[in-house]
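User: Could you walk me through the aromatic pairs here? I'm new to this one.

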Amino acid sequence: MMDLKPYGYTEIEAIPHGLLPGRVTELRRERFTVMTERGEVTAVLKGTFYHSAETRVGFPCAGDFVLLHCNERGDSLIVTVLPRRSKFSRANYSGHAAGYAKTMLEQAVARRSEGSGNPRVDSRGRHTTTHRQLFMLPSGAMVIDTPGMRELGLFDADEGIRAGFTDMEEWFAQCRFTDCRHQAEPGCAVLAALADSSLPRERW
């Protein structure tokens, strides 16, 4: 039996009889490679995934945890996707929402994903990934190699920033002008607090 905990699995309260939990490690067209406690299996989706609009939104992705009917003589059958604790979503390029922190990613952690031979390099030398795959590194960290991921945005970032900097919000409220940029404006509470050290520069 294989331990799924190194793959990030935390047990759910009850698994329906006959189903097995697993983590999707690779996606090629409509076939999935899933790591389970019985080892690596190849799986396809249960038919309801294709016929329900609600289910189509929740198609499994590399890195998802799923429940499946295990078939040792052929393809196993993915029945459901377990709730996601985090996710990467493609941006809506009609316009980025304000407040999303954006950063460019280095595309290749290793040129050939630890020598797996799956990514290709085309005639112009660009790294081109043809499918999605999750790799377990020797350190225990996991990396998903996925095509077309060029940028990350933080969802609901404003909420987290406010929660982490409530003290700054209090200083901002004391400024003379509501549109104060805290650079050279008269009556800026932040500049005054920095000057008398009531606001540490490290915190600012």
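Analyst: First, a term: buried means under 20% relative accessible area, exposed means over 50%, and partly exposed is in between, using a 1.4 Å probe and protein chains only. This is a predicted model, where local features need pLDDT of at least 70, side-chain atom pairs count only at pLDDT 80 or more, and totals for chains, interfaces and linings use all residues. Residues are numbered from 1 along each chain as its sequence is written, and side-chain values use heavy atoms, leaving out hydrogens and water.

User: Are Tyr9 and Phe65 buried or exposed?

Analyst: Going by that cut-off, under 20% is what we look for. Tyr9 makes it, and Phe65 does too, so both get the label buried.

User: How many aromatic pairs are there?

Analyst: Rings of Phe, Tyr and Trp (its six-membered ring) pair if their centres lie within 6.5 Å; planes under 30 degrees apart are stacked, over 60 edge-to-face, the rest tilted. By that rule, the number of aromatic pairs is two.

User: What kind of pair do Tyr9 and Phe65 make?

Analyst: Their ring centres are 5.8 Å apart. The planes sit at 50°, so the pair is tilted.

User: And what kind do Phe172 and Trp204 make?

Analyst: Here the centres are 6.3 Å apart. With the planes at 80°, the pair is edge-to-face.

User: Which residues does Gly8 contact, leaving aside neighbours within four places in sequence?

Analyst: Contact means heavy atoms within 4.5 Å. With those neighbours set aside, Gly8 touches Arg23, Phe65, Arg85 and Met142.
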